[in-house]
Amino acid sequence: MSYTLNIAGKAPAVDYALMTAAAFVNTSSEGDIKLNFIDGKTVSNEVKTSAQLLKGDESVATDSIDILNYIATEFASVISAKDESQQWIKFSYEKLLVKDFKKLSADLETLENHLNLRSFIVGYKVSAADIAVWGALRANPVMGSVIKNSVYINVTRWYQFLESDKRFGEMATLLSTSLSEMKKLAKGGKKEVHKANFEIDLIDAKEGEVVTRFPPEPSGYLHIGHAKAAVLNQYFANQYKGKLIIRFDDTNPSKEKTEFQDSIIEDLELLGIKGDLITYSSDYFDKMYELAVQMIKEGKAYCDDTPLEQMRAERMDGLKSARRDRSVEENLKIFTEEMKNGTEEGLKNCLRAKIDYTALNKTLRDPVIYRCNLTPHHRTGTQWKIYPTYDFCVPIVDSLEGVTHALRTIEYRDRNAQYEWMLDALHLRKVHIWDFARVNFVRTLLSKRKLQWFVDKGYVDNWDDPRFPTVRGIRRRGMTVEGLKNFIISQGPSKNIINLDWNIIWSANKKIIDPVAPRHTALESKDLVPVHIVDGPELHAEKKPKHKKNPAVGEKDVYFSSNVLIEQTDAAAIKDGEEVTFMDWGNVICTKVNKDADGKVVSIEAKLHLDGDFRKTEKKLTWLAKEKNVPVELVDFDHLITKDKLDEGDNFEDFLTKETMFVTEAAADVNVEHMKVGDIIQFERKGYYILDSNKDGKYVFFTVPDGKQKK
């Protein structure tokens, strides 16, 4: 579904809200809303505010509330469209645009009280109510100091939580910039459609005709770098109402497996990416062979049996191969008879493109375009003994499949000239290239060859190991699909190369899990301290909310008893007679702290003081009923390598982290028995965890980073 939203910039509160609603739709796979910034004078008389929504050439809605409701209803899976939103939308435009703080304060107090135990105004995800209220507050100049000084704590928390999402936070800048550009363009009578951070110059891009492709090699599992490429290719295919081809670049049978191919498809589907076509480079082996023969006949390729190391040295020094001047007939015989059949003579040779062995761009120094490989192919079996290289295969298949724009990481930039040379030499249709920055993370390897090394050497369990940057690895560590996609979209198609800290992506993920992760308790098992509360209750359970700010998460059983457990580190800091707070229970006076000869606390005697003021106690402690707890393992991880960024010439094996997995035995509250593998929770005072396995009653939790961890 495609729409155009005309923005005239007359009413910022309305514009912010509608632009944000459009941003939510555009970053999903549900539809497309183009933003068209126009001169306010050109808006028709029917427009009541500053915007109108068009479906094709037909006006769908012109009143701001009608437009917002239409978008929320049409894209209900993206933006919640609950009936309760209407009163808040009306409230935002009638109450929150007042610039007199004294008059505004009463209505802000209403909003403050409403948000006391809520992450969102209505429901459990962003709704039209959140968008409208945020738009009004964002447009009100009074709110700047109110938010900055946290006059209303809940309003500030909610407002900053929304602003951290670029679909909210960047709307003000986009509106200001777009209207400024619109005024300049108006002098020439032109209008311009903006695409937020994704506004890049795709040469000759025409709506309905753009074809992009994502060409993974099935030689490993999908990692976060591949995920970015896939998401961006899908984004631009959708943006221009074109097509996305998922093509497996299966030209190296020594590395490729059906297992990898199937896992890539599964992981792409998990990310919501489905190509209009799924193809294979191996589908074109016959055609590529014909084109290679054609190149030989036209004097553009030659067979070379120069030893590998010597060939590399000659290319490095810009020296001519002794085989470069072989005759066409000799080259054809070697290629079609010896190499094709994988004979002893054929195995000594490769086919090289005859470009320019002295070129400053070393990728043009007669690159290898075909080589022999006797390993059976996972799709074609033993039919072929020769296979094209990536640099020969990709431009050919791009052109044959109708790809209009090849989006690929900037590391291939030097190869762009080679890509274009191949198309020219083979008389094939041209394809436009767009380079974007590869996503790099500190202390992280993305090379599939190096990742395979860790698997083969047993440093990790498999490609889904939580220390791996694969989609399955970070998912197993607790990364949500929404968090991953939001991160990739936020990076956009920039050409700037940076080394990112993992804290950035985990911070984005925390915004997704924090509002919905149930809160539970876990205590480190080593030297647990029993506390006997002399006036404590008999063992019994009470229902408590799993998430104090989000009742919809549900309730849990909290067991109370006169005999409880606390951690040794907490107990060691308690003094005789000290009053402490047991979280979710109340205050307790520790009358006697008993220690052994080494000073380790072995038990504590206490009595309840539930009337005590928790605000006056220094220590707020987690605890568990001694009779009701479950043994668990809490597993934390470190990076596999010690150096932030490996330099050219560095051997990664010289920078291996000695210990990368840390296991802590713990006791957890009994509610974990109801969890499923993959559920994410927060153990209070410890952090977020994902349940990785539950075998024979043993619950193993992996830490989910929250973006605050230090090295």
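1. Seven elements each put at least two residues into the lining of the largest pocket: strand S6 (211–214), helix H10 (224–239), helix H13 (308–317), strand S11 (368–372), helix H16 (390–400), strand S13 (405–409) and helix H18 (448–457). Helices (H or I, at least four residues) and strands (E, at least two) are DSSP runs, numbered from the N terminus. This is a predicted model, where local features need pLDDT of at least 70 and side-chain atom pairs count only at pLDDT 80 or more, while totals for chains, interfaces and linings use all residues. Residues are numbered from 1 along each chain as its sequence is written, and side-chain values use heavy atoms, with hydrogens and water left out.

2. How much space lies in that largest pocket? About 1,900 Å³. Its lining has 50 residues, and Glu217, Lys255, Tyr390, Tyr412 and Arg415 lie nearest the centre. By class the lining splits into 19 charged, 17 polar and 14 nonpolar residues. For the classes, Ala, Val, Leu, Ile, Met, Phe, Trp, Tyr, Cys and Pro are nonpolar, Asp, Glu, Lys and Arg are charged, and the others, Gly among them, are polar. On the terms: on a 1 Å grid over the protein atoms alone, a pocket is an open set of points with protein on both sides within 12 Å along at least five of seven lines, a cavity is a set where a 1.4 Å probe fits but cannot get out, and lining residues have an atom within 4 Å of a point. Points are joined across faces, edges and corners, and a volume is the space filled by probe spheres set on them.

3. Now the cavities: the whole structure has three of 30 Å³ or more.

4. Two strands pair if DSSP finds at least two bridges between them; S27 and strand S22 (residues 563–566) do so over two bridges, antiparallel. Leu624 of S27 stands opposite Leu565.

5. Which element gives the largest share of the second largest cavity's lining? H13 does, with three residues. This cavity holds about 50 Å³; among the residues lining it are Met311, Glu314, Arg315, Arg352 and Asp366. Five of the lining residues are charged, three nonpolar and one polar.

6. Another open sheet of seven strands runs S17-S30-S31-S32-S28-S29-S18, again with mixed pairing. Strand S30 (residues 680–683) and strand S31 (residues 687–695) run antiparallel, joined by four bridges, and Ile681 has Tyr689 in S31 as its bridge partner. Helix H21 (residues 502–513) packs on this sheet, touching S30, S31 and strand S32 (698–704), and its direction makes about 120° with that of S32. Axes are lines fitted to C-alpha atoms, for helices over the stretch in contact (heavy atoms within 4.5 Å); angles run from 0 to 180 degrees between N-to-C directions.

7. Last, confidence: the chain averages a pLDDT (the predictor's confidence in each residue, from 0 to 100) of 88, and 92% of residues score at least 70. Residues 42–48 stay under 50, with eight contacts beyond four places in sequence. Residues 185–197 are also below 50, and that stretch has 25 contacts beyond near neighbours in sequence. Where pLDDT is low, the predicted coordinates should not be read in detail.
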